[in-house]
Amino acid sequence: GSDEFEYLIADNYNPVEEMPEGFVAKAIPAYTWAVFACRGGMPRSLQDLNKKIFSEWLPNSKDYEIAAGYNIEMYSDPAEYPKGTLDEKYYSEIWIPVKKK
């Protein structure tokens with residue numbers, strides 16, 4: 001097994017606009033997504049939430065399990081916060097694809 005993983009930075013794709021050179025389009029299949037809100041300075045707040053999702057929420061979920069081998073992290077614009085990504089109110093999300101057990 002490989003210990004490598006793919007990490008992508010993404011935005012919504014508009015097929016009418018030309019894709020910048022070096023960019024690729026990837027289709028994310030339709031899933032049910034468990035969305036976890038996160039507040040606090042980066043990277044600790046997101047790392048703490050990620051740990052809780054996989055050590056507490058998923059193992060204790062009676063209804064859902066992982067549906068695919070990836071997740072999505074959504075980050076707010078750091079310019080909206082006095083201390084940017086270090087601000088205690090900085091907002092982000094973790095999206096996990098899930099399916100009914």
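This is a predicted model: local features need pLDDT of at least 70, side-chain atom pairs count only at pLDDT 80 or more; totals for chains, interfaces and linings use all residues.

Reader: Why is Glu6 called exposed, and what is Lys26 called?

Author: Exposed means over 50% relative accessible area, and partly exposed covers the range from there down to the buried limit of 20%. Glu6 has 56%, so it is exposed. Lys26 has 47%, so it is partly exposed.

Reader: How many salt bridges does the rule give?

Author: The count comes to three. Another of them joins the side chains of Arg44 and Asp48, at 3.3 Å, N to O.

Reader: Why are Arg44 and Asp48 said to be separated by about one helical turn?

Author: Because they are four residues apart in helix H1, which covers residues 44-60. Their labels follow from the cut-offs again: Arg44, at 55% relative accessible area, is exposed, while Asp48, at 33%, counts as partly exposed.

Reader: What makes Glu88 and Lys83 a salt bridge?

Author: Their N to O distance is 3.8 Å, and the limit is 4 Å, so the pair qualifies. Glu88 is exposed, and so is Lys83.

Reader: Which residues make the nonpolar surface patch, and why can Tyr75 belong to a patch?

Author: Phe5, Tyr7, Ile9 and Tyr75 make the patch, which has about 570 Å². A patch residue needs over 30% relative accessible area. Tyr75 has 38%, and therefore passes; that value also makes it partly exposed. Tyr75 is placed in strand E3, residues 72-75.

Reader: Where is Pro78, and why is it called partly exposed?

Author: Pro78 is in the loop between E3 and strand E4 (91-100). Its relative accessible area is 35%, so it falls in the partly exposed class.

Reader: Which residues is Pro78 in contact with, leaving aside its neighbours within four places in sequence?

Author: They are Gly84, Thr85 and Tyr90. As for Cys38, Pro78 is 40 residues from it in sequence and 14 Å from it in space, C-alpha to C-alpha.

Reader: What pattern does the protein chain follow along the sequence?

Author: The pattern is β-α-β-β-β, and the secondary structure comes to one helix and four strands. The C-alpha atoms fill a box of roughly 45 × 35 × 30 Å along the principal axes.

Reader: What share of the residues is buried, and how much accessible surface is there?

Author: Buried residues make up 25% of the 101 residues. The accessible surface comes to about 8100 Å², and 53% of that belongs to carbon and sulfur atoms.

Reader: How far apart are the mean positions of the positive and negative charges?

Author: The mean positions of the 11 positive and 17 negative charges are 13 Å apart.

Key
Residues are numbered from 1 along each chain as its sequence is written. Side-chain values use heavy atoms; hydrogens and water are left out. Patches are made of residues with over 30% relative accessible area and no salt bridge: like charges are joined within 9 Å, nonpolar side chains (Val, Leu, Ile, Met, Phe, Trp, Tyr) within 5 Å. Accessible areas come from the Shrake-Rupley method with a 1.4 Å probe; for residues, only the protein chains shown count as cover. Helices (H or I, at least four residues) and strands (E, at least two) are DSSP runs, numbered from the N terminus. Buried means under 20% relative accessible area, exposed over 50%, partly exposed in between (1.4 Å probe, protein chains only). Lys and Arg count as positive and Asp and Glu as negative; His and the chain ends are not counted. The place of a charge is taken as NZ of Lys, CZ of Arg, CG of Asp or CD of Glu. Contact means heavy atoms within 4.5 Å.
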